Amino acid sequence: MTSSAVYVLAGLVLVLWLVRRWRCRLGSGERASRPRELANAELIYMEKLFRIEEPIRLVAKVDRVYRLPGGSLVLVELKTRRQDRPYLTDIIQLSAQRVAIEHQTGEVVEPVAFVTVLGPTSRRRWQSHQVRLLDEGQLIALAQRRRATLALRTDPAYATLVRACVGCAFRARCDRPE
Ligand code: SF4
């Protein structure tokens with residue numbers, strides 16, 4: 001074997017080793033953050049964009065999508081945050097992802113999903129929270145109300161929970177009673 005062939009072979013071995021290492025890391029990271037309930041599910045999408053025009057225009061990027069043994073899909077949203085809990089915004093985000101996937105692919109997406117949270121200090125302990133999603137009608141109504149509010153065709157409502165106002169950038173200009 002010539003010396004250049006040896007170099008090519010060594011390069012190939014190195015590339016294969018790096019790819020294998022990268023796959024192992026990816027796999028263990030995914031496994032560490034996977035909800036227990038999806039232990040037997042198959043990971044089918046990671047960080048994938050879905051785009052639909054009907055029934056509403058939506059662009060939704062999913063973190064993870066799993067296929068259950070029965071064939072339906074389950075969404076998982078990963079979050080790094082101080083509070084170990086899901087927010088209403090997570091539910092809206094996941095509901096939009098569900099509508100986008102169902103209309104783009106024709107697949108059935110389960111009405112429950114997971115918000116998986118990693119605290120800022122815990123490096124390996126993900127906590128998964130199961131959430132029930134809005135149905136398509138609720139999501140469309142929400143999108144229409146948002147559009148009408150931005151176009152000043154309807155009055156905005158106060159946040160349902162007072163604690164949502166803590167730290168709100170509009171607090172100084174908002175007329176919500178203290
Ligand atoms: S301060 Fe006003 S604008 Fe901000 S969340 Fe509360 S109700 Fe909404």
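Predicted model: local features only at pLDDT ≥ 70, side-chain atom pairs only at ≥ 80, totals over all residues.
Reader: Why is E47 called exposed?

Author: Exposed means over 50% relative accessible area, buried means under 20%, and partly exposed lies in between (1.4 Å probe, protein chains only). E47 has a relative accessible area of 52%, so E47 is exposed. E47 sits in strand β1. Strands here are DSSP runs of E, at least two residues, and helices are runs of H or I, at least four residues, both numbered from the N terminus.

Reader: Why does L152 count as exposed?

Author: Its relative accessibility is 75%, so L152 counts as exposed.

Reader: What makes the bond from E54 to P55 cis, and where is P55?

Author: Omega of that peptide bond is near 0 degrees. P55 belongs to the loop between β1 (42-52) and β2 (58-67). A hairpin of five residues joins these strands.

Reader: How do you know that β1 and β2 pair?

Author: Two strands pair if DSSP finds at least two bridges between them. Nine bridges join β1 to β2, so they pair, and they run antiparallel. Within this pairing, the bridge partner of M46 in β2 is R64.

Reader: What makes R57 and E53 a salt bridge?

Author: A salt bridge needs a side-chain nitrogen of Lys or Arg within 4 Å of a carboxyl oxygen of Asp or Glu. The closest N and O atoms of R57 and E53 are 3.0 Å apart, so the pair qualifies. R57 is at 67% relative accessibility and therefore counts as exposed. E53 has 48%, so E53 is partly exposed.

Reader: Why is R64 said to have no salt bridge?

Author: Lys and Arg count as positive, Asp and Glu as negative; His and the chain ends are not counted. The nearest side chain of opposite charge to R64 is E30, at 4.6 Å. The limit is 4 Å, so R64 has no salt bridge, although R64 is buried.

Reader: What makes R64 and S33 a polar contact?

Author: A polar contact is a pair of N or O atoms within 3.5 Å; within protein, one must be able to donate a hydrogen and the other to accept it, and residues adjacent in sequence count only if both atoms are side-chain atoms. The side chains of R64 and S33 are joined at 2.9 Å, so the distance meets the cut-off. R64 lies in strand β2.

Reader: What else is R64 in contact with?

Author: Contact means heavy atoms within 4.5 Å. Leaving aside neighbours within four places in sequence, the contacts of R64 include L43, Y45, V74 and L78.

Reader: Why are β1 and β5 called edge strands?

Author: Five strands form an open sheet in the order β1-β2-β3-β4-β5, with mixed pairing. β1 and β5 (126-132) each have a single partner strand, so one side of each is left without a neighbour in the sheet. Neighbouring strands are turned by 35 degrees against each other on average, direction ignored. Axes are lines fitted to C-alpha atoms, for helices over the stretch in contact, and angles run from 0 to 180 degrees between N-to-C directions.

Reader: How do you know that β3 and β4 pair, and which helix packs on the sheet?

Author: Five bridges join β3 (residues 73-80) to β4 (residues 112-118), so the strands pair, and they run parallel. V76 stands opposite F114 in β4. Helix α2 (residues 88-105) packs on the sheet, touching β1, β2, β3, β4 and β5. The direction of α2 makes about 145 degrees with that of β3.

Key
Residues numbered from 1 in each chain as written. Heavy atoms only, no water.
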